[in-house]
Amino acid sequence: MKASIYTPAYCLRTLVAWLVTLVLFFPLGWLVLTAFKTELQAISVPPLLLFTPTLENFQIVQERSDYMLYAKNSLITSVASTTLGLMLAFPAAYAMAFFKGKYTKDILMWMLSTKMMPAVGALVPVYVMAQTSGLLDTRTGLVIVFTLSNLPIMVWMLYSYLKEIPNEILEASRMDGATLWSEFRYVLLPLTMGGLASTGLLTLVLSWNEAFWSLNLSAAKAGTLATLIASYSSPEGLFWAKLSAASFMAIGPIVVFGWFSQKQLVQGLTFGAVK
Amino acid sequence: MSYLQLSGVEKLFGEHRVIKGIDLAIQQGEFVVFVGPSGCGKSTLLRLIAGLETIDGGSLQLDGRDITHQPSSKRDLAMVFQSYALYPHMSVFENMSFALKLAHVDPAIIKDKVDRAANILNLTNYLQRTPKELSGGQRQRVAIGRAIVRAPKVFLFDEPLSNLDAALRGQTRIEIAKLHRDLGATTIYVTHDQVEAMTLADRVVVLRDGSIEQVGTPLELYDRPANQFVAQFIGTPQMNVVEAAKLPSVTTVAGVQVPALGSIGLRPESITLVQAGQGAVQAKVELIEALGAETLIYVTTQNGAQLVARLNTRTELHVGADVGVHIDADAAHLFDANGRVVAAGAR
Amino acid sequence: MSYLQLSGVEKLFGEHRVIKGIDLAIQQGEFVVFVGPSGCGKSTLLRLIAGLETIDGGSLQLDGRDITHQPSSKRDLAMVFQSYALYPHMSVFENMSFALKLAHVDPAIIKDKVDRAANILNLTNYLQRTPKELSGGQRQRVAIGRAIVRAPKVFLFDEPLSNLDAALRGQTRIEIAKLHRDLGATTIYVTHDQVEAMTLADRVVVLRDGSIEQVGTPLELYDRPANQFVAQFIGTPQMNVVEAAKLPSVTTVAGVQVPALGSIGLRPESITLVQAGQGAVQAKVELIEALGAETLIYVTTQNGAQLVARLNTRTELHVGADVGVHIDADAAHLFDANGRVVAAGAR
Amino acid sequence: MNRFIPRALMAPAVVTLFLWMIVPLVMTIYFSVIRYNLMQPDQSGFIGLENFEYFVTDPSFGTAVMNTLLLLGSVILITVVLGTLIALLIDEPFPGRGLVRILLISPFFVMPTVNALLWKHMMMNPIYGVLAQVWIFFGGTPVDWLTDFPLFSVIIIVSWQWLPFATLIFITSLQSMNREQLEASRMDGANYLQQLRYLYLPHMARSVAVVVMIEMIFLLSVFAEIYTTTGGGPGDASTNVAFLIFKQALLNFDAGVASAGALFAVVLANIAAVFLIRMVGKNLDK
Amino acid sequence: ETELVVATVNNGHMIEMQKLSKNFEQANPDIKLKWVTLEEGVLRQRVTTDIATKGGQFDVMTIGMYETPIWGKKGWLQELKTDAKYDADDILPAMRNGLSVDGKMFAVPFYGESSMLMYRKDLADKAGIKVADKPTWTDIKALAAKIHDPKNGVYGICLRGKPGWGDNMAFLTTLVNTNGGQWFDTSWKPQLESQPWKDSINFYVDLLKNYGPPGSSANSFNEILALYNEGKCGMWIDATIAASFITDPKQSKVADKVAFAQAPTAVTPKGANWLWAWALAIPSGSKKVDAASKFVTWATSKEYIELVAKTNGWAHVPTGTRKSTYANPEFQKAAKFAAAEKAAIDSANPSDSTLPKSPYVGVQFAAIPEFQAIGATVGQEMSAALAGKKSVDAALKASQVAAEREMKKAGYYK
Ligand SMILES: Nc1ncnc2c1ncn2[C@@H]1O[C@H](COP(=O)(O)OP(=O)(O)OP(=O)(O)O)[C@@H](O)[C@H]1O
Ligand SMILES: Nc1ncnc2c1ncn2[C@@H]1O[C@H](COP(=O)(O)OP(=O)(O)OP(=O)(O)O)[C@@H](O)[C@H]1O
Ligand SMILES: [Mg+2]
Ligand SMILES: [Mg+2]
């Protein structure tokens with residue numbers, strides 16, 4: 001092994017890996033590049049790789065729509081729904097993992113299957129419900145909807161995570177005189193931090209990117225960044241660069257956030273798939 | 001009255017009756033070991049005492065108080081789990097002090113108690129480490145430490161050594177014995193390793209299939225097993241048990257006639273190999289295990305009976321050699337067709 | 001020429017010289033056991049032979065062919081791993097036949113070979129199960145079966161029994177011994193359990209820190225250890241090794257003067273306990289382990305030396321009793337300050 | 001421990017989810033049997049199964065079901081196969097592996113609408129799109145992706161988004177591959193391909209199950225990507241069930257038919273679920 | 001303080017209005033404006049769901065000439081009464097009619113458009129052809145053949161092909177109209193398999209196949225605009241609003257080479273060019289009617305147009321709404337398409353746009369609720385035909401079936 005690690009196979013592997021990565025990343029990179037072009041540069045043929053970057057598009061976007069408002073809404077709704085979701089999902093996952101009953105598996109599967117109905121189908125009922133309860137165009141309404149639509153995945157992730165914790169540790173704490181609360185506070189919670197973190201991260205990403213409900217249930221006040229995009233794909237006039245800029249601003253925070261948290265995310269994303 | 005009293009304790013898992021009415025009285029300070037083959041209900045019985053499983057029948061009394069239906073956190077028992085069940089996110093100190101912290105004991109006292117326990121267990125230098133930074137043996141000691149610190153009424157151990165390697169196991173066994181002698185705590189210890197049972201126990205409880213087969217001191221069980229099961233379970237290598245028909249030379253043991261369908265039990269040390277032609281039976285050497293201080297010789301008799309003999313000396317024999325087998329019939333045990341002891345040689 | 005020849009084999013992990021030039025000749029059909037404390041390089045040496053690690057120095061010859069740089073798939077060796085490394089998704093049959101299948105052996109022949117091996121190992125009824133449906137001992141046998149089927153030139157075992165519980169370990173040990181006798185295959189076996197080493201080996205190689213300490217038959221090592229390390233490593237309970245100063249009564253062993261800074265080694269069986277006041281040294285009983293056939297008594301002498309005595313009878317002694325210690329100086333070993341043997345009693 | 005506590009703990013999640021499912025479901029069932037068009041509030045009344053009949057007899061219905069299954073199947077196939085290959089490729093260390101991982105994972109964080117717009121305008125546009133330029137560079141005639149291969153284009157777009165997810169899970173799975181098993185197979189004489197076939201792939205079965213399961217949940221209702229790119233066409237070439245329902249719900253504003261469609265989708269989802277989860281569930285239970 | 005939520009489409013003029021609305025807020029400090037700017041399709045879904053369920057999320061809605069009559073008839077919109085200063089009579093009659101039901105105005109036009117021919121004068125000159133002011137489709141085809149030069153990156157004609165009732169169907173309906181066809185006959189029977197439809201669609205597919213750019217079936221306004229600005233289209237028939245873009249040298253490489261003519265005709269001039277307006281309306285039941293009407297009148301007033309002119313120049317004012325705009329000499333000077341645009345708008349009549357009598361209102365659409373869905377489906381079929389995925393006959397047959405289903409479902413007949 002020590003002799004020479006730079007074997008042809010190794011070099012080839014590195015090369016191919018980088019090639020594949022660049023190809024797969026290219027569209028996203030291109031989006032970022034386009035965001036710094038003028039509209040004419042954006043559609044120039046052949047495509048420009050070298051150009052003088054401009055911030056004009058970002059200015060236009062900011063001028064036209066209050067980016068900070070949308071960003072704030074995105075942040076608040078996704079963080080709130082993540083928190084709320086974890087609060088609901090954790091006890092359920094705990095109960096399922098440690099007090100396995102006859103129907104535990106079925107309940108889990110049922111929860112997952114609720115996610116399979118196309119959202120469009122439920123639009124009218126949900127819209128009517130939101131309207132009668134005065135939750136249209138409120139962050140509260142969005143938080144509730146996000147939470148509920150992510151809940152099944154959260155329960156499942158946490159369940160797979162909790163299942164890996166040996167029951168004996170909890171028993172030990174009971175023998176040590178722990179009540180349900182102290183068992184949760186001192187043993188369960190610290191042990192599941194990793195699972196909670198990665199579940200939270202995934203939910204955060206999903207909520208941030210949720211477009212259907214945020215578009216349909218919000219107007220001027222509660223719109224999230226996903227709805228911002230909907231105003232930049234105009235059928236009149238050139239818009240690629242502006243669209244790119246708006247997209248860049250909308251996905252930027254979550255992508256960067258994703259980069260930083262990817263290690264953490266991966267750990268829990270395995271749904272107990274890896275022993 | 002006894003300190004811990006089990007009366008007709010039963011446990012059902014679904015339809016399956018796992019613990020079948022156990023009566024047992026344990027005295028204060030006693031070291032009781034549960035042994036038995038895998039699946040016989042040792043762990044379950046221990047967990048019933050611990051309150052980790054609900055008792056389905058009978059009652060449990062500790063120090064004169066009925067604790068049959070108390071939650072485990074109220075029973076004042078401490079348990080050492082097979083997997084140690086240390087809290088992986090806490091330091092050794094926190095692990096050991098957790099119970100006291102929950103009981104709102106004064107921090108200064110906690111520190112004092114933990115330090116004392118750590119000292120006894122040679123853990124003083126590791127108090128700030130987390131469990132995964134410790135070796136198997138050290139983890140084991142932390143688990144014990146966690147129990148000691150609480151000074152509980154009864155210590156429960158569920159196969160605490162089975163995750164250790166042979167050398168460490170021997171060593172830790174001795175430590176546990178010393179600890180018990182020093183603390184004098186009432187202890188219930190589950191194992192399926194009969195060497196542990198022999199060396200640690202004041203009394204051994206042999207379980208089989210959810211019922212008690214025999215209770216007694218280790219040497220009582222060794223010398224006067226109540227039945228073939230206990231006889232073969234205790235002692236290593238196992239007692240040789242041979243159908244009576246295959247050992248026609250043995251006719252009476254301690255004045256009792258050998259029953260026709262019964263069998264004869266012989267400890268390896270009551271078999272002596274002599275020159276071929278001599279002795280009660282003729283046999284061939286199958287395998288020799290020379291362990292230095294002792295030698296085990298596996299032979300097959302002409303009748304097809306397989307016997308192990310234990311020698312405290314070296315042997316000149318080699319595999320395939322013909323030997324005579326001398327049997328110390330005075331030390332033999334006689335079992336009837338159902339495996340019950342009918343007679344036992346005086347020892 | 002020998003069958004497997006290691007000449008100056010070396011291995012570096014980064015800067016760390018883990019195997020420090022090993023020379024060893026193994027004959028065809030021999031059963032060689034590597035023993036040594038954890039981290040001494042047993043596994044590494046085995047893996048070098050297997051071709052799972054590249055050899056950084058020296059050479060390796062098998063059956064007259066240089067295999068130092070051959071890939072492991074070409075070496076015609078079979079290995080049984082500590083964790084068995086069974087393929088979890090394949091049935092027992094598939095596990096055992098995998099190597100043959102890769103070698104495009106005719107299915108009929110494969111079936112035949114697997115059946116034969118399964119028969120030897122009592123696995124015939126389990127051929128369709130997957131590993132996780134088997135008990136530890138059965139998995140162990142499958143791992144062995146996988147090796148047998150290939151009829152390799154050399155069998156390599158890396159602590160194959162360390163995942164089994166005590167009872168099963170003893171049983172499987174005997175099976176391996178029988179198997180070796182039946183197949184007569186050249187075998188290299190790694191363990192840190194010296195009972196296994198003693199009972200299985202034709203020759204034992206004691207490793208320490210990447211070098212060979214001593215090579216010999218089990219009883220050679222037991223009786224004539226080359227140094228204190230080997231002396232204490234072989235035999236259970238360990239040989240008592242006491243600083244010469246603490247045993248003033250022993251002055252010469254086999255005619256050699258006891259060196260001032262040296263120490264004296266005594267096997268537990270060469271220590272006899274006599275009535276207080278008699279014997280060479282006076283001591284107090286610390287712990288008694290009654291195992292039925294034998295009894296181990298731990299004592300501390302007035303000089304603070306800790307000794308273990310092995311008795312083949314029961315004892316009337318109890319902890320705390322005063323006893324005299326009789327020492328069989330003829331069976332003692334003398335070590336100099338560096339732990340090398342200076343003299344050994346005749347045995 | 002008595003039975004009450006686990007139930008109490010599970011209750012909040014189960015009850016809210018149940019409400020979240022049952023209230024719209026009951027409303028949907030109710031809507032599906034009445035005449036309910038947002039644009040014609042004056043027409044109402046019970047009409048039995050007419051809405052279902054109307055939805056099911058839609059000329060695009062068969063195509064939509066086929067497309068749904070095709071989309072589901074192809075994306076799962078592509079992501080699992082490519083994901084496996086990429087995971088194997090970057091399983092062992094090489095210069096810049098950390099960066100590669102970060103770049104590879106990125107598409108997963110991109111919101112579906114942006115993803116679709118990006119592909120539609122900047123990649124697949126037959127005149128300005130990068131792909132067209134690549135084709136021209138190599139002397140080919142640019143392909144009009146969204147028109148000529150509409151469903152395939154959608155599949156590419158959706159796969160691009162889900163590939164990182166699969167890759168990530170597979171990488172993690174590979175890292176837990178038992179080294180001793182690999183060594184054992186080396187001693188058994190297996191080459192890399194054989195190791196792949198007999199060891200790596202079976203080892204990954206469970207993670208594959210997880211990927212299939214999760215993707216299925218999300219892919220059955222793919223909508224934004226189709227709406228933004230092909231609008232379900234040309235004709236109904238890229239219309240899936242979710243899009244068909246959308247046509248009823250938001251182009252026609254016929255909540256009745258849309259509800260009937262949604263119920264049908266639930267049935268379809270459950271059939272797929274039974275089929276797949278059973279298959280996959282075996283692996284999940286291990 | 002009143003907060004008005006304004007839903008609007010993200011076209012250039014609207015975005016300009018959003019910017020300039022600061023002036024309005026300054027003038028009316030008690031009113032605050034909140035904007036929801038959406039892409040056309042999404043906007044339409046959002047406002048429709050909202051108004052139909054009485055969601056009340058929007059106080060002012062941007063809607064088109066399609067929705068206004070339908071919603072007005074249902075009473076979903078507030079009737080707009082304006083004062084003398086606003087001068088409602090200044091609004092072009094075609095627009096005013098299109099946004100009124102029974103003489104009551106339910107929305108005020110923000111900007112309007114028709115369709116016309118925009119061609120490259122330089123190329124036509126080079127081909128030696130003079131384009132008539134009112135050309136026929138035969139002329140157009142001949143010219144397209146002449147100037148088609150794909151080797152040099154010039155395509156004879158660019159037309160919409162992207163499916164959508166507001167996309168390809170807007171254009172195709174005018175083509176069908178001028179060929180003497182219609183969507184529905186007087187008994188609401190879809191006429192999609194009638195001869196005029198067959199002729200038109202065959203002609204269209206043939207024309208684009210021979211002289212159109214690649215990927216026509218994905219092109220709509222924007223895509224063609226980009227092509228045209230790059231100088232790749234010889235001719236283009238589309239919304240008059242395009243004129244202001246392609247004559248803007250900042251965007252267009254051919255700004256000085258374009259000329260305009262009326263939309264081509266075939267059998268009849270009726271309905272050959274479409275009519276569309278984006279207008280502002282107030283949902284009925286709104287609690288902020290006063291503030292809202294203040295805003296809509298401001299945004300569609302003469303003053304607003306002057307404000308735009310002052311800020312951005314006359315070339316950038318919203319057009320197609322007021323006579324006064326076209327009368328303004330400065331505007332005429334700045335917009336060389338002005339005359340052609342006005343002529344096109346004036347010549348369109350939504351209530352009488354087909355040769356046979358039709359029961360519906362609308363030039364390039366039928367103002368009935370079912371039309372969106374029918375238009376979308378037919379649009380898809382036409383796009384499939386253009387892409388060569390289906391024969392024209394098959395596409396029309398499928399369209400006819402779908403349309404009949406839809407109409408039957410809606411209860412127009414059994
Ligand atoms: N939670 C449970 N549900 C159902 N059956 C159980 C449960 N726990 C144990 N059993 C069954 O009860 C019997 C006794 O199990 P127990 O764990 O007490 O055995 P054990 O003596 O501790 O065995 P081992 O030496 O293998 O640990 C076994 O047959 C086991 O299968
Ligand atoms: N891959 C490796 N890289 C670096 N060092 C290693 C590696 N493998 C083993 N070592 C080191 O080499 C030495 C010998 O290890 P080896 O596994 O051979 O010991 P061993 O005798 O088998 O011990 P054990 O009884 O614990 O299995 C140890 O110090 C170990 O830390
Ligand atoms: Mg147990
Ligand atoms: Mg090792």
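How much area is buried between chain A and chain D? In this predicted model, the figure is about 8200 Å², and carbon and sulfur atoms give 82% of that area.

**View 1. Residues of chain A that bury the most area against chain D.** A:Arg13, A:Met116 and A:Trp240 lose the most area to chain D. Together these residues account for 9% of what the chain A side buries. In total, 88 residues of chain A are in contact with 90 residues of chain D.

**View 2. Polar contacts across the interface of chain A and chain D.** Seven residue pairs are in polar contact, with both residues at pLDDT 80 or more. The rule finds zero salt bridges between chain A and chain D.

**View 3. Helices of chain A on the side that touches chain D.** Two or more residues each come from α1 (8-35), α4 (67-98), α5 (104-113), α6 (123-132), α7 (139-163), α9 (180-209), α11 (225-229) and α12 (240-269) of chain A. The largest share, 16 residues, is given by α1(A). By class, this side of chain A has 68 nonpolar, 15 polar and five charged residues.

**View 4. Transmembrane regions that UniProt places in chain D.** The unreviewed entry puts the feature "transmembrane region" at residues 12-33, 69-90, 102-119, 149-171, 204-224 and 257-277 of chain D. Residues 69-90 of chain D are 95% helix and 0% strand, with end C-alpha atoms 31 Å apart. For residues 149-171 of chain D, the end C-alpha atoms lie 32 Å apart, and the span is 96% helix and 0% strand.

How values were computed: Residues numbered from 1 in each chain as written. Chains lettered and ligands numbered in written order. Predicted model: local features only at pLDDT ≥ 70, side-chain atom pairs only at ≥ 80, totals over all residues. Heavy atoms only, no water. Contact = heavy atoms within 4.5 Å. Buried area = accessible area lost by both parts, 1.4 Å probe. Salt bridge = Lys/Arg side-chain N within 4 Å of Asp/Glu carboxyl O. Polar contact = N/O pair within 3.5 Å; in protein donor to acceptor, adjacent residues only side chain to side chain. Helix = DSSP H or I, 4+ residues; strand = E, 2+ residues; numbered from the N terminus. Nonpolar A, V, L, I, M, F, W, Y, C, P; charged D, E, K, R; others polar. UniProt positions renumbered as here; feature names shortened; annotations may be inferred.
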